Amino acid sequence: MIGYVTLGTDDLDEARAFYAPLFEHMGLPLCFEDPQVVSWGDKDDETVPRFFVCYPFDDKPASTGNGTMTAFRVKTASEVDTLYETAMRGGGSDEGKPGFRPESYGDKFYVAYVRDLDGNKLAFACYDGKVNP
């Protein structure tokens, strides 16, 4: 359903440094990069959604939407935990520590919420219902 997601940044080098380890963990390589934009996905498979971070094209500062969020679905709760910790180490801010949120999508829904360096809200979520010891 999703073709690609684009988030704005005011510092592309910082955004690249923040997102690169997250996408490395998710197995999505760098697809494209130029002085304006960087993206991750599968450059050989256009059916895989891509994620872009770029400078706004209107030369105004990047901004975040109230209620806007990009969610990344992963396979296990341990991946959610790892991505959350990676984001925190990269300078992200906590918007909701990893845990079950049955009120959102049922008893198996495990998710963490963070904000990137520009304030964009991200979620890392799975539906496996298990937490590794």
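The questions and answers below go through the cores, pockets and selected residues of this model.

Q: How do you know what kind of model this is, and which residues count?
A: This is a predicted model, where local features need pLDDT of at least 70, side-chain atom pairs count only at pLDDT 80 or more, and totals for chains, interfaces and linings use all residues. Residues are numbered from 1 along each chain as its sequence is written, and side-chain values use heavy atoms, with hydrogens and water left out.

Q: What makes a set of residues a nonpolar core, and which members of the largest one touch the most others?
A: The set must consist of buried Ala, Val, Leu, Ile, Met, Phe, Trp, Tyr and Cys residues joined through side-chain atoms within 4.5 Å. The largest core has 24 residues. Y19, F51, V53, L122 and F124 touch the most other members.

Q: Which elements each supply at least two residues of this core?
A: They are α1 (12-26), β3 (37-40), β4 (50-54), α2 (77-89), β7 (110-115) and β8 (121-126). The top contributor is α1, with six residues. Helices (H or I, at least four residues) and strands (E, at least two) are DSSP runs, numbered from the N terminus.

Q: With which residues is V53 in contact, leaving aside its neighbours within four places in sequence?
A: Contact means heavy atoms within 4.5 Å. V53 meets L7, T9, L12, A15, Y19, Q36, V37, V38 and W40 in this way. Another core, of five residues, lies apart from the largest one, and its members include F109, V111, Y113 and A123.

Q: What makes a space a pocket, and what volume has the largest one?
A: On a 1 Å grid over the protein atoms alone, a pocket is an open set with protein on both sides within 12 Å along at least five of seven lines. Lining residues have an atom within 4 Å of a point. The volume of the largest pocket is about 500 Å³. Of its 20 lining residues, L28, P49, A71, F72 and R73 are the closest to its centre. The largest share of the lining, five residues, comes from β5.

Q: How do you know that the span of α2 agrees with expectation?
A: The expected span is 1.5 Å times one less than the number of residues. The 13 residues of α2 should therefore span 18 Å, and its end C-alpha atoms are 18 Å apart, which agrees. Its buried residues pack against α1, β6 (93-100), β7 and β8. Just after α2, G91 takes a positive phi of about 100°.

Q: Why is D118 called partly exposed?
A: Buried means under 20% relative accessible area, exposed over 50%, partly exposed in between (1.4 Å probe, protein chains only). D118 has 26%, so it is partly exposed. Its place is in the loop between β7 and β8. D118 touches G8, T9, D10 and T64, not counting residues up to four places away in sequence.

Q: Why does M88 get the label partly exposed?
A: M88 has a relative accessible area of 23%, so the label partly exposed applies. M88 lies in helix α2. Leaving aside neighbours within four places in sequence, M88 is in contact with S93, D94 and V114.

Key
1 Å grid on protein atoms, 1.4 Å probe; cavity = no way out; pocket = protein on both sides within 12 Å on 5 of 7 lines; lining within 4 Å. Points joined across faces, edges and corners; volume = space filled by probe spheres on them.
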